[in-house]
Amino acid sequence: MNDSTIKIFDTTLRDGEQSPGASMNLAEKMEIAQALVDLGVDIIEAGFPIASPGDFESVKEIASNIRGASICGLARCNPRDIERAWEALKHSSQPRIHVFLATSAIHREFKLRMTPEEIIQRGIDSLKLASSLCDDIEFSPEDASRTEPDFLCRVVEAAIDAGATTVNIPDTVGYATPNHMHKIITDLKNRVPNIDKAVISVHCHDDLGMAVANSLAAVEAGARQVECTINGIGERAGNASLEEVVMALRTRHDYYNVESKINTKRLVPTSRLLSNITGLQVQRNKAIVGRNAFAHESGIHQDGMLKEPTTYEIMRPEDVGLEKTDLVLGKHSGRAALSDRAKALGYHLSAEQLQVVFEEFKKLADKKKEIYDGDIAALCDQQIRGDGRQVWVLESLDVSHGTGKEPCVKMTLKHGDETKSAEITEGDGPIDAAFWAVERITGVPLTCKDFQVRSATLGRDALGEVTVEIESDKKVVRGRGSSTDTVQATVHAILDAVNRICQM
Ligand code: KIV
Ligand code: ZN
């Protein structure tokens with residue numbers, strides 16, 4: 001590998017999916033994996049195959065069907081994990097096994113109850129097994145940033161000798177600072193005799209808001225792989241955000257002197273795709289992909305921008321895929337135009353999915369004159385989310401409410417060939433009554449942890465998008481639904497969540 005090339009390792013589908021409420025079904029994961037290939041990432045960490053049968057299946061499907069990037073699966077340092085990971089990955093044209101083992105004193109003593117020598121031996125045995133199965137092996141000493149530097153050097157040297165081709169340095173708890181991270185990588189480069197036989201990688205969490213800065217400091221010190229996620233989603237405060245790392249390296253090429261393979265024009269569409277699928281919206285002022293990232297409000301800035309854009313703009317919106325115009329479709333637009341727009345937004349619909357989206361598009365076009373990208377994204381998401389997960393389907397909904405009146409919700413749901421109905425005439429408004437109705441019909445207890453409504457696009461007739469976060473029997477899931485009728489959108493969102501729960 002050219003020393004000025006940075007590999008981008010995306011862990012949205014593994015570390016990202018570990019963040020509460022970000023769980024995705026198989027169809028959604030496939031959609032994201034394909035979008036990551038289109039974006040140009042080098043490695044996709046598709047999941048943790050031993051974690052659950054669902055995780056195993058999704059890693060296997062991605063490994064079997066997605067081409068154009070390495071597909072990686074996570075494993076702890078034990079034979080069962082490693083063999084399971086290989087079972088899922090072996091159909092990939094570029095498989096990678098990623099094994100990890102905690103190395104810091106705190107993890108050794110309290111979590112693993114193992115001595116330093118036992119840690120080294122466990123690492124060696126596991127890496128030998130992994131490299132007997134697969135040529136591309138990554139090793140992560142978990143909590144590396146809190147590991148004694150001498151011990152970290154010993155572990156890394158032993159890992160490379162035992163077959164690791166990439167050594168990843170995780171700041172597991174987001175404890176590092178940029179100077180600290182720079183020193184860790186510099187130390188490894190100076191003190192580990194076989195370090196040039198492996199790629200040095202970095203994996204930072206954002207607990208102190210420094211994940212991107214720490215990743216860049218590691219690159220400056222010589223790391224040549226960065227692990228990150230779309231929109232920075234991930235455990236707790238999240239991981240380093242892919243779009244920020246990539247655009248910092250590109251915009252400050254004068255300083256970092258490295259290049260990634262990322263097609264930066266796909267950054268905004270990929271970010272939106274993930275938000276639409278998970279319901280986790282990025283904040284407006286989020287760097288690169290936030291709605292305000294390129295909006296100049298101050299008169300002085302606007303004046304400068306009109307005279308010469310570079311006065312206040314260090315990146316061009318079009319370079320990150322922000323289109324100046326939101327192309328409008330209407331009821332006379334055909335399937336080809338819809339298909340083109342869906343593709344530009346990052347969706348890969350099968351012919352059958354496109355047909356259903358097209359029918360829904362026509363119905364929507366009857367209700368509202370202009371159909372924007374947000375509407376199309378909402379229709380595509382509904383279709384992708386629904387694929388293979390339609391345990392309960394809304395058949396009919398009748399809602400009445402008003403000032404000083406108890407709400408009344410009459411609902412009928414389909415479950416296979418059966419239909420079940422409920423009529424609720426109490427509750428704290430129609431939304432509460434809708435929750436009661438779904439709970440009564442499906443028998444799934446529902447605690448609403450979060451409820452958000454936003455309009456998919458501009459205008460009074462816009463599609464309303466509802467996101468709910470629901471807890472049921474200690475499982476937390478998100479559900480999304482859209483409709484021009486907000487109560488109906490809510491019911492779709494609740495059912496989306498219930499259907500996820502039923503399939504867990
Ligand atoms: O944060 C972490 O330490 C991890 C490892 C599994 C790489 O996610
Ligand atoms: Zn992590």
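Predicted model: local features only at pLDDT ≥ 70, side-chain atom pairs only at ≥ 80, totals over all residues.
Let's start with one pair of residues: aspartate 381 forms a salt bridge with arginine 480, and their closest N and O atoms are 3.6 Å apart.

**How the chain is divided**

**Where domain 3 meets domain 4**

- Eleven residues from domain 3 and 13 residues from domain 4 take part in the contact.
- Put together, domain 3 and domain 4 bury about 970 Å², and 51% of that is on carbon and sulfur atoms.
- On the domain 3 side, Lys368, Gln382 and Arg385 lose the most area to domain 4, and together they make up 46% of what that side buries.
- The rule finds one salt bridge across this interface.
- It also finds one residue pair in polar contact between domain 3 and domain 4, with both residues at pLDDT 80 or more.

**A closer look at the domain 3 side**

- Two elements give two or more residues to the side that touches domain 4: helix 15 (351-367) and helix 16 (373-386).
- Helix 16 supplies the largest share of that side, with six residues.
- Sorted by class, the side of domain 3 that touches domain 4 has three nonpolar, two polar and six charged residues.

**What the UniProt record says**

- An unreviewed UniProt entry lists Asp15, His203, His205 and Asn239 under "binding site".
- These residues span 225 residues in sequence, yet no two of their C-alpha atoms are more than 10.3 Å apart, so they gather at one spot.
- Aspartate 15 sits in helix 1 (residues 12-16).
- The unreviewed UniProt entry also places the feature "domain: Pyruvate carboxyltransferase" at residues 6-268.
- Residues 6-268 are 47% helix and 17% strand, and the end C-alpha atoms of the span lie 20 Å apart.

Technical notes: Residues numbered from 1 in each chain as written. Chains lettered and ligands numbered in written order. Heavy atoms only, no water. Contact = heavy atoms within 4.5 Å. Buried area = accessible area lost by both parts, 1.4 Å probe. Salt bridge = Lys/Arg side-chain N within 4 Å of Asp/Glu carboxyl O. Polar contact = N/O pair within 3.5 Å; in protein donor to acceptor, adjacent residues only side chain to side chain. Helix = DSSP H or I, 4+ residues; strand = E, 2+ residues; numbered from the N terminus. Nonpolar A, V, L, I, M, F, W, Y, C, P; charged D, E, K, R; others polar. UniProt positions renumbered as here; feature names shortened; annotations may be inferred.
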